[in-house]
Amino acid sequence: MRWPTAEELALWRHVVRTVTPLRPAEPPAAVPQPPPVPEPERSAAGSAAARPAPVSAPPRATSRLDPRGPVDLDRRTWLRLVRGQLPVEARLDLHGLTQAEAHDAVRGFLERSQQRGLRCVLVITGRGLGSGGTLRQMTPRWLDEAPNRSRVIAYTSAQRRHGGDGALYVLLRRRSAGS
């Protein structure tokens, strides 16, 4: 790797000062804070029976999926997914589909895969031309919307042998007993 020269840095700084953003910077989304836990009242006797039971943390709302790190997944399984070490049990190739067709195909594929008890599936989006491809950009959004979000635990880019940046490993939740 080559470091930029002083002349190149000066040119870069000049260009950065003259550029106006396409849209204004958005403020970061506010993170909801858990309600405060009231302090236990101290009794004069200080007996063990007077102490309240430990308060468990409120259940965490399902957060948005993040392809760079696990959200609702243990580290070991996450690393196995990222490294392509989980067996790919089914594949969906979106090549040649329109955006609407691909959206429906992803939803149906995830539903059928979960019903069959599959755990790790591969969604092939293709790399796209120039701008990265519409299906490649939209598929992560589709995974994060209902009803797919309730089926998907995590996703990440596939290893090169499975399509690299043009494919996604998708880890599905196990089917609930009532389904």
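How many residues apart are Arg107 and Asp104 in helix α3, and what separation in helical turns does that give?

**Entry 1: a pair in helix α3**

A reminder to myself before starting: the model is predicted. I found Arg107 and Asp104 three residues apart in helix α3, so they are separated by about one helical turn. Their side chains meet in a salt bridge, with 3.1 Å from N to O.

Arg107 has a relative accessible area of 32%, so I noted it as partly exposed. Asp104 comes out at 44% and is partly exposed too.

**Entry 2: the other salt bridge**

Are Arg149 and Asp144 buried or exposed? Both are buried.

**Entry 3: the whole chain**

I stepped back and listed the elements. I counted five helices and four strands in the chain. Along the sequence they follow the pattern α-α-β-α-β-α-α-β-β. Of the 179 residues in the chain, 31% are buried.

**Entry 4: the sheet**

In which order do the four strands stand in the sheet? I read it as β1-β2-β4-β3, an open sheet with mixed pairing. β1 and β3 are at the edges with a single partner strand each, so one side of each has no neighbour in the sheet. On average, neighbouring strands are turned by 20 degrees against each other, direction ignored.

Then I went through the pairs:

- β1 and β2 run parallel and share four bridges. I found Asp93 opposite Ile124 of β2, and Arg91 opposite Leu122 of β2.
- β2 and β4 are antiparallel, with five bridges between them. Leu122 has Tyr169 of β4 as its bridge partner.
- β3 and β4 are also joined by five bridges and run antiparallel. Ala154 stands opposite Leu171 of β4.

**Entry 5: two strands, two kinds of cover**

In a regular strand the side chains alternate between the two faces of the sheet. I wanted to see how that looks here. In β1, one face is covered and holds Ala90 and Leu92, while Arg91 and Asp93 sit on the uncovered face.

How many of the six residues of β4 are buried? I found six of six. Ala167, Tyr169 and Leu171 point one way, Leu168, Val170 and Leu172 point the other way, and all are buried.

In soluble globular proteins, nonpolar side chains tend to be buried together. With that in mind, I looked for the cores. The largest nonpolar core has 20 residues, and those touching the most other members are Leu94, Val106, Phe109, Leu110, Val121, Leu143 and Val170. The elements giving two or more residues to this core are β1, α3, β2, α4, β3 and β4. Helix α3 gives the largest share, five residues. A second, separate core has 13 residues, among them Leu73, Trp78, Leu81 and Ala158.

Leu143 is in helix α4. Its relative accessible area is 0%, so I filed it as buried. How far apart in space are Leu143 and Val170, C-alpha to C-alpha? The distance is 8.7 Å, and along the sequence they are 27 residues apart.

**Entry 6: nonpolar on the outside**

My last stop was the surface. Leu11, Val15 and Val19 form a nonpolar patch there, with about 260 Å² of accessible area together. Leu11 lies in helix α1, which spans residues 6-18. With a relative accessible area of 55%, Leu11 is exposed, whereas Leu143 is buried at 0%. I put these two leucines side by side in my notes, one from the patch and one from the core.

Key. Residues numbered from 1 in each chain as written. Predicted model: local features only at pLDDT ≥ 70, side-chain atom pairs only at ≥ 80, totals over all residues. Heavy atoms only, no water. Patch = residues over 30% accessible without salt bridge, like charges linked within 9 Å, V, L, I, M, F, W, Y side chains within 5 Å. Areas by Shrake-Rupley, 256 points an atom, 1.4 Å probe, with all protein chains shown as cover. Salt bridge = Lys/Arg side-chain N within 4 Å of Asp/Glu carboxyl O. Buried < 20%, exposed > 50% of the residue type's maximum accessible area, 1.4 Å probe, protein only. Core = buried A, V, L, I, M, F, W, Y, C linked by side-chain atoms within 4.5 Å. Pairing = 2+ DSSP bridges. Axes fitted to C-alpha atoms, helices over the stretch in contact; angles between N-to-C directions.
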